[in-house]
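Student: I would like to go through this structure with you. Could we begin with the sheets and then turn to the helices?

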Amino acid sequence: MSTALWKTKVDEVTKQRGKARETLLPCLEAIQEVSGYIPQEAVSYLRENLDVPSVDIYGVITFYGMLTTKEQGKYVIRLCNSLPCYLNNSENMLEVIERELGIKAGETSPDKNFTLEVVPCLGLCDKAPAMMINDKIYENLTEESAKKIIAELKG
Amino acid sequence: MFTLTINGEKVTVPEGTSIMNAAKQLRIDIPHLCYLEGLEPEYHCRICGVEIEGEPRLAPSCVRAVSEGMKVHTNTARVRRARKMIVELLLVNHSADCPTCERNQTCELLKLAFELGVKKVRFEGEKPSYELDETSPAIIRDPNKCILCGRCVRVCHDVQTVSVIGFINRGLDIKVSTFMEKGLGNVECTNCGQCIQVCPVGAIKEKSAVDEVWAALANPKKHVVVQEAPAIRAALGEELGLPPGTLVAGKMHTALRRLGFDAVFDTNFSADLTIMEEANELVKRITEGSVLPQITSCCPGWIKFMEHFYPDLIPNVSTCKSPQQMFGSLAKTYYAQKAGIYPAKIVSVSVMPCTAKKFEAQRPEMTDSGFRDVDYVLTTRELARMIKEAGIDFAGLPDESASQLMGLYSGAGTIFGATGGVMEAALRTAYKLVTGKELERIDIEPVRGLDGIKTATVNVDSLEVKVAVAHGLGNARKILDEVRAGKSPYHFIEIMACPGGCVGGGGQPISFDLALRGIRGQVLYNEDRVLPYRRSHDNPSIKKVYQDYLKEPLGEKSHHLLHTKYTNRGRV
């Protein structure tokens with residue numbers, strides 16, 4: 001079902017923008033959006049349709065923080081560790097969140113509810129430290145606020 | 001034409017020439033690492049930066065085109081400082097275990113550091129600790145030595161169009177890897193080894209069988225036989241102090257005997273045998289009107305390429321095993337019988353210019369003798385290392401011949417090592433098969449030389465046989481797409497994975513210079529001209545093997561021992 005969904009999305013994008021190497025990134029974004037990650041079958045589908053070698057597609061996926069080949073949790077937490085956030089104690093935030101969730105950065109919780117990632121700049125430097133959970137932004141994090149946010153999502 | 005000044009000297013070159021190539025005309029060699037003639041320049045390494053008057057930054061001389069009146073300086077204090085700094089920074093992260101590195105004598109980074117006078121690395125940094133990629137039976141990748149120049153990526157994508165390696169990750173984590181980091185053994189890698197030939201350092205090398213071969217030679221219970229591919233005799237000398245272009249067939253046979261091999265034969269013999277089978281197959285296909293064009297099958301890099309990318313053409317590919325594998329199945333049957341040795345006692349070693357042969361030897365179907373047909377495959381480089389290790393003064397050795405039974409060969413067998421050679425050898429015999437007469441003009445010039453694709457029409461009585469030869473997998477694709485589209489006018493196609501043919505194989509002395517590959521090919525054509533037999537069907541040892549053992553080409557025994565099948569391997 002979700003397989004059909006990413007295929008439909010890719011077909012839409014290629015219909016609109018053409019089957020060319022330049023269409024790779026929009027296709028990957030579309031797949032990531034509907035599936036939450038880039039499945040291997042999707043890479044094969046793109047290779048055939050856009051005539052881009054698999055390893056190049058994998059290169060693009062691993063270049064961008066927002067793309068991943070790993071299946072992700074319901075909530076994807078992206079904690080920034082670029083300089084301003086780092087100077088405002090993002091390392092400490094990471095420890096707190098890791099402790100609260102019981103997973104390390106780059107991992108997904110066994111119940112598939114949470115994925116924790118450390119990402120480069122989110123553009124929220126004036127409100128550091130910052131993180132994103134799915135599409136929502138959380139700013140000026142403190143130990144307390146971080147704990148509260150996680151607790152609310154855990155329900 | 002533009003006139004510019006480099007280091008105060010005027011030079012006039014055509015528009016579009018790079019500064020680096022313009023400097024070459026003035027005999028100025030601008031140091032470089034990621035640039036390599038034959039590949040598109042990409043300016044990764046920044047070593048070739050030069051000063052241009054009026055410009056604030058150093059310009060990349062490998063990609064920057066000249067302009068009228070440009071004033072370039074390649075040897076200022078600033079340029080030298082920048083180059084040294086770059087080499088130092090590369091050395092910080094490079095796993096520099098030079099004394100034990102395969103590429104100790106051929107490392108471009110080591111050479112540059114010395115030539116640029118880098119006396120001390122002023123920086124400290126983390127040495128990478130990536131896992132080695134040992135998934136392939138032929139090639140090992142060591143990302144810890146990789147300097148990210150991208151030459152291997154370019155040769156794999158642009159020249160070979162196999163495209164299995166590329167840059168992954170970002171920033172400090174960038175490395176060259178395969179799709180999902182599966183490793184070369186689990187993707188569509190053809191094992192051609194051209195990535196080894198272009199690597200400036202020791203980041204890619206063959207999976208060595210030297211230790212196993214030494215162990216077999218030292219084991220008194222084993223009878224070790226050896227075969228050497230045509231291309232070895234045209235290049236082995238380069239590794240052992242002889243000038244390029246030296247034919248070393250005789251010294252090679254002598255050296256192998258001195259290393260302790262019990263029987264020294266020659267793959268050129270089984271190349272002749274391949275021709276007997278393949279030419280008969282061609283004539284059969286033409287006269288019976290079955291699938292054409294027939295495509296050669298001696299190159300294991302091309303075969304794996306076909307199995308991944310063109311499996312629909314399996315019916316076009318000759319069913320003949322490669323000379324290495326024909327030799328292997330005869331070594332443990334025909335030779336075992338003649339010499340009265342139990343086949344399990346025989347260790348069958350081959351010396352190949354090729355990394356893909358290591359993969360071919362371990363294909364599960366290559367056991368038609370009832371045993372593993374070829375036990376160990378050494379590259380030209382590995383054999384040279386063994387000869388050095390044994391302290392043999394190669395250049396001073398006398399010439400010996402291989403043992404006659406499976407070592408006598410014709411000129412047709414020896415030219416297998418150059419692009420077009422298999423085609424020429426096959427036509428010499430096919431002509432005889434069809435007409436009953438010998439081909440008068442035995443040198444078939446149109447299929448020789450280094451053009452990527454060569455074509456010819458040969459009149460065989462009333463039949464016009466159209467042939468094509470492609471070397472380098474990118475060139476092969478052009479011919480194969482025609483076949484796939486049903487538009488191929490040819491009867492017979494030769495394909496070799498490596499540019500130049502086997503003389504430019506992934507196991508040869510390190511070089512990506514097509515001209516050098518041409519010189520090696522010429523060595524084989526010269527040998528062909530002076531050999532007593534120049535057609536495979538004239539070789540007395542070939543007549544004998546059919547008379548005493550195989551009976552007839554394409555016969556029952558041949559079918560069992562000398563022919564094979566292919567597998568659709570799909571895509572990754």
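Student: What is the strand order of the open sheet of 4 strands in chain B, and what pairing has it?

Tutor: The order in chain B is 12-17-16-15, with mixed pairing. Strands (E, at least two residues) and helices (H or I, at least four) are DSSP runs numbered from the N terminus, and two strands pair if DSSP finds at least two bridges between them. This is a predicted model, in which local features need pLDDT of at least 70, side-chain atom pairs count only at pLDDT 80 or more, and totals for chains, interfaces and linings use all residues. Residues are numbered from 1 along each chain as its sequence is written, chains are lettered from A and ligands numbered from 1 in the order in which they are written, and side-chain values use heavy atoms, leaving out hydrogens and water.

Student: Which strands of that sheet stand at the edges?

Tutor: Strand 12 (294-295) and strand 15 (453-460) of chain B do; each has a single partner strand, so one side of each lacks a neighbour in the sheet.

Student: Do strands 16 and 17 of chain B pair in the parallel or the antiparallel sense?

Tutor: Strand 16 (residues 463-471) and strand 17 (residues 492-496) of chain B pair in the parallel sense, over 5 bridges. B:Ala468 is placed opposite B:Ile493 of strand 17 of chain B.

Student: Turning to chain A, what is the order in its open sheet of 4 strands?

Tutor: The order in chain A is 2-1-3-4, again a sheet with mixed pairing. Strand 2 (114-119) and strand 4 (136-138) of chain A are the edge strands, each with a single partner strand, so one side of each has no neighbour in the sheet. From one strand to the next the twist averages 20°; axes are lines fitted to C-alpha atoms, for helices over the stretch in contact, and angles run from 0 to 180 degrees between N-to-C directions.

Student: How many bridges join strands 3 and 4 of chain A?

Tutor: Strand 3 (residues 131-133) and strand 4 of chain A pair in the antiparallel sense over 3 bridges. A:Ile133 has A:Lys136 in strand 4 of chain A as its bridge partner.

Student: What does helix 6 of chain A touch on the sheet?

Tutor: Helix 6 (residues 90-101) of chain A touches strand 1 (75-80), strand 2 and strand 3 of chain A, and its direction makes about 155° with that of strand 1 of chain A. Contact means heavy atoms within 4.5 Å. Helix 7 (residues 143-154) of chain A lies across strands 1, 2, 3 and 4 of chain A and runs at about 5° to strand 3 of chain A.

Student: Back to chain B: at what angle do helix 6 and helix 13 pack?

Tutor: Helix 6 (residues 210-218) and helix 13 (residues 380-389) of chain B pack at about 50°, with their axes 10 Å apart. The two helices of chain B are therefore oblique to each other (under 35 degrees is roughly parallel, over 145 roughly antiparallel, 65 to 115 roughly perpendicular, and the rest oblique).

Student: Which residues meet there?

Tutor: B:Val210, B:Val213, B:Trp214 and B:Leu217 of helix 6 of chain B meet B:Glu382, B:Met386 and B:Glu389 of helix 13 of chain B.

Student: Finally, how many helices and strands has chain B?

Tutor: Chain B has 19 helices and 17 strands. Its C-alpha atoms fill a box of roughly 80 × 55 × 50 Å along the principal axes.
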